[in-house]
Amino acid sequence: RLIERGVRFVQIWSGNDNSFPRRNWDSHEDIERDHGPLALGMARGTAGLIKDLKQRGLLDDTIIHWTTEFGRMPSTQGSKGRDHNPYAFTNWLCGGGIQGGVTAGESDEWGYKPLDRTHPSQVYDIHATILHLLGLNQDRLTYLHAGRFKKLTDTGGRVINEIIT
(Lines give C-alpha, C1' and ligand atoms only; values in the text may rest on other atoms or scores of the structure.)
Protein backbone atom coordinates (compact mmCIF):
# COMPACT_ATOMS: atom_id res chain seq x y z
CA ARG A 1 0.00 0.00 0.00
CA LEU A 2 2.90 2.36 0.65
CA ILE A 3 4.24 1.77 -2.86
CA GLU A 4 0.75 2.18 -4.36
CA ARG A 5 0.60 5.60 -2.72
CA GLY A 6 3.94 6.69 -4.21
CA VAL A 7 6.37 5.99 -1.37
CA ARG A 8 9.70 5.59 -3.16
CA PHE A 9 11.67 3.66 -0.55
CA VAL A 10 10.42 1.08 1.93
CA GLN A 11 12.71 -0.79 4.31
CA ILE A 12 11.65 -3.97 6.08
CA TRP A 13 13.97 -5.17 8.81
CA SER A 14 13.94 -8.55 10.52
CA GLY A 15 15.52 -9.91 13.68
CA ASN A 16 15.20 -7.59 16.65
CA ASP A 17 14.75 -9.98 19.61
CA ASN A 18 18.03 -10.00 21.56
CA SER A 19 16.70 -11.76 24.62
CA PHE A 20 18.07 -15.13 25.65
CA PRO A 21 17.84 -17.45 23.97
CA ARG A 22 18.51 -15.09 21.11
CA ARG A 23 15.83 -15.09 18.40
CA ASN A 24 17.47 -13.17 15.60
CA TRP A 25 19.74 -13.75 12.63
CA ASP A 26 22.89 -13.32 14.75
CA SER A 27 22.92 -17.02 15.62
CA HIS A 28 26.03 -17.85 17.58
CA GLU A 29 24.21 -20.25 19.91
CA ASP A 30 21.90 -22.41 17.79
CA ILE A 31 21.57 -21.64 14.10
CA GLU A 32 19.00 -24.36 13.39
CA ARG A 33 16.66 -23.26 16.18
CA ASP A 34 17.04 -19.56 15.37
CA HIS A 35 17.16 -19.50 11.57
CA GLY A 36 14.33 -21.96 10.89
CA PRO A 37 11.47 -19.82 12.22
CA LEU A 38 13.06 -16.59 10.96
CA ALA A 39 13.54 -18.00 7.46
CA LEU A 40 9.98 -19.31 7.34
CA GLY A 41 8.57 -15.93 8.36
CA MET A 42 10.82 -14.11 5.91
CA ALA A 43 9.92 -16.50 3.08
CA ARG A 44 6.17 -16.15 3.67
CA GLY A 45 6.33 -12.38 3.97
CA THR A 46 8.58 -11.98 0.95
CA ALA A 47 6.48 -14.30 -1.21
CA GLY A 48 3.39 -12.31 -0.22
CA LEU A 49 5.10 -9.03 -1.07
CA ILE A 50 6.24 -10.27 -4.49
CA LYS A 51 2.78 -11.71 -5.29
CA ASP A 52 1.04 -8.50 -4.23
CA LEU A 53 3.38 -6.30 -6.27
CA LYS A 54 3.01 -8.52 -9.32
CA GLN A 55 -0.79 -8.68 -8.98
CA ARG A 56 -0.99 -4.87 -8.77
CA GLY A 57 1.36 -4.37 -11.73
CA LEU A 58 4.05 -2.78 -9.56
CA LEU A 59 6.78 -5.44 -9.60
CA ASP A 60 8.33 -4.27 -12.87
CA ASP A 61 8.82 -0.80 -11.37
CA THR A 62 9.91 -1.93 -7.90
CA ILE A 63 13.35 -3.26 -6.97
CA ILE A 64 13.36 -5.70 -4.08
CA HIS A 65 16.77 -6.13 -2.46
CA TRP A 66 17.25 -8.66 0.32
CA THR A 67 20.60 -8.53 2.03
CA THR A 68 22.57 -9.17 5.18
CA GLU A 69 25.46 -7.35 6.78
CA PHE A 70 27.64 -10.48 6.62
CA GLY A 71 27.35 -14.21 6.07
CA ARG A 72 27.82 -17.16 8.37
CA MET A 73 30.89 -19.38 8.50
CA PRO A 74 30.40 -22.82 6.93
CA SER A 75 31.76 -24.44 10.09
CA THR A 76 30.31 -24.47 13.58
CA GLN A 77 31.22 -22.15 16.41
CA GLY A 78 31.16 -24.32 19.48
CA SER A 79 28.50 -26.94 18.95
CA LYS A 80 25.46 -25.39 17.22
CA GLY A 81 26.22 -21.79 16.31
CA ARG A 82 28.18 -20.14 13.54
CA ASP A 83 30.42 -17.11 13.60
CA HIS A 84 30.32 -14.16 11.18
CA ASN A 85 31.72 -14.59 7.68
CA PRO A 86 32.85 -11.30 6.11
CA TYR A 87 34.00 -13.04 2.90
CA ALA A 88 30.73 -14.41 1.51
CA PHE A 89 27.11 -13.49 2.12
CA THR A 90 23.83 -13.43 0.30
CA ASN A 91 22.10 -10.67 -1.59
CA TRP A 92 19.17 -11.29 -3.84
CA LEU A 93 17.21 -8.92 -6.01
CA CYS A 94 14.00 -9.14 -8.02
CA GLY A 95 11.62 -6.92 -9.91
CA GLY A 96 12.58 -3.55 -11.40
CA GLY A 97 14.73 -4.84 -14.27
CA ILE A 98 16.28 -7.85 -12.52
CA GLN A 99 16.38 -11.08 -14.51
CA GLY A 100 14.95 -13.97 -12.51
CA GLY A 101 16.80 -17.23 -11.94
CA VAL A 102 20.29 -15.83 -12.50
CA THR A 103 23.22 -16.15 -10.12
CA ALA A 104 26.28 -13.90 -10.12
CA GLY A 105 29.19 -13.76 -7.71
CA GLU A 106 29.00 -17.34 -6.47
CA SER A 107 30.87 -18.52 -3.42
CA ASP A 108 33.15 -21.53 -3.26
CA GLU A 109 31.67 -24.98 -2.59
CA TRP A 110 31.74 -24.38 1.18
CA GLY A 111 30.24 -20.88 1.16
CA TYR A 112 33.42 -19.57 2.76
CA LYS A 113 34.99 -17.25 0.15
CA PRO A 114 34.15 -15.99 -3.34
CA LEU A 115 34.58 -18.56 -6.10
CA ASP A 116 36.36 -15.95 -8.24
CA ARG A 117 38.83 -14.48 -5.78
CA THR A 118 40.55 -12.26 -8.37
CA HIS A 119 37.29 -10.46 -9.25
CA PRO A 120 34.84 -11.03 -6.38
CA SER A 121 31.47 -9.34 -6.32
CA GLN A 122 31.50 -6.45 -3.88
CA VAL A 123 28.84 -4.50 -2.04
CA TYR A 124 29.81 -1.61 -4.33
CA ASP A 125 28.69 -3.73 -7.30
CA ILE A 126 25.24 -4.21 -5.78
CA HIS A 127 25.02 -0.45 -5.17
CA ALA A 128 26.17 0.34 -8.73
CA THR A 129 23.62 -2.09 -10.16
CA ILE A 130 20.74 -0.64 -8.16
CA LEU A 131 21.75 2.92 -9.06
CA HIS A 132 21.91 1.90 -12.73
CA LEU A 133 18.42 0.36 -12.52
CA LEU A 134 17.19 3.61 -10.96
CA GLY A 135 18.60 5.49 -13.97
CA LEU A 136 21.49 7.07 -12.05
CA ASN A 137 25.09 7.11 -13.25
CA GLN A 138 27.19 6.05 -10.27
CA ASP A 139 30.29 7.76 -11.69
CA ARG A 140 28.58 11.15 -11.96
CA LEU A 141 26.53 11.01 -8.76
CA THR A 142 28.77 12.56 -6.10
CA TYR A 143 28.36 14.37 -2.82
CA LEU A 144 30.64 16.60 -0.76
CA HIS A 145 31.80 15.05 2.51
CA ALA A 146 34.62 16.35 4.72
CA GLY A 147 35.90 18.56 1.90
CA ARG A 148 36.03 15.75 -0.67
CA PHE A 149 33.65 14.65 -3.36
CA LYS A 150 32.65 11.04 -2.84
CA LYS A 151 30.53 8.54 -4.74
CA LEU A 152 27.74 6.44 -3.28
CA THR A 153 29.65 3.42 -4.54
CA ASP A 154 32.74 4.71 -2.68
CA THR A 155 35.89 3.53 -4.40
CA GLY A 156 34.45 1.40 -7.15
CA GLY A 157 31.58 -0.73 -8.20
CA ARG A 158 30.58 -2.25 -11.49
CA VAL A 159 27.10 -2.83 -12.78
CA ILE A 160 26.36 -6.56 -12.66
CA ASN A 161 24.97 -6.81 -16.19
CA GLU A 162 24.47 -10.59 -15.92
CA ILE A 163 21.43 -10.07 -13.67
CA ILE A 164 19.75 -7.26 -15.62
CA THR A 165 16.95 -8.02 -18.09
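Biologist: Is Tyr87 buried, partly exposed or exposed, and what is its relative accessibility?

Modeller: Tyr87 has 42% relative accessibility, so it counts as partly exposed. Buried means under 20% relative accessible area, exposed over 50%, and partly exposed in between, using a 1.4 Å probe and protein chains only. Before we go on: this is a predicted model, where local features need pLDDT of at least 70 and side-chain atom pairs count only at pLDDT 80 or more, while totals for chains, interfaces and linings use all residues. Residues are numbered from 1 along each chain as its sequence is written, and side-chain values use heavy atoms, with hydrogens and water left out.

Biologist: How many aromatic pairs does the structure hold?

Modeller: A pair of aromatic rings is described by the distance of the centres and the angle of the planes. Rings of Phe, Tyr and Trp (its six-membered ring) pair if their centres lie within 6.5 Å; planes under 30 degrees apart are stacked, over 60 edge-to-face, and the rest tilted. There are two such pairs here. Trp66 and Trp92 are stacked, 6.5 Å centre to centre with 10° between the planes. Since Trp66 lies in strand 1 and Trp92 in strand 4, the pair ties together parts 26 residues apart in sequence. Strands are DSSP runs of E with at least two residues, helices are runs of H or I with at least four, and both are numbered from the N terminus.

Biologist: And which residue partners Tyr87 in an edge-to-face pair?

Modeller: That's Tyr112: the ring centres are 5.7 Å apart and the planes at 65°, so the pair is edge-to-face. Tyr112, at 30% relative accessibility, counts as partly exposed.

Biologist: Which charged end sits over the ring of Tyr87?

Modeller: The one of Lys113, 4.4 Å from the ring centre. To count, NZ of Lys or CZ of Arg must be within 6 Å of the ring centre and within 35 degrees of the ring normal.

Biologist: Which residues of helix 1 are buried?

Modeller: Ile31, Asp34, His35, Leu38, Thr46 and Leu53. Their cover includes strand 1 (63–67), strand 2 (71–72) and strand 4 (91–95). Following helix 1 comes Gly57, with a positive phi near 75°.

Biologist: Which residues make up the largest nonpolar core?

Modeller: In soluble globular proteins, nonpolar side chains tend to be buried together. A nonpolar core is a set of buried Ala, Val, Leu, Ile, Met, Phe, Trp, Tyr and Cys residues joined through side-chain atoms within 4.5 Å. The largest one here has seven residues: Leu93, Ile98, Ile126, Ile130, Ile160, Ile163 and Ile164.

Methods
Contact means heavy atoms within 4.5 Å.
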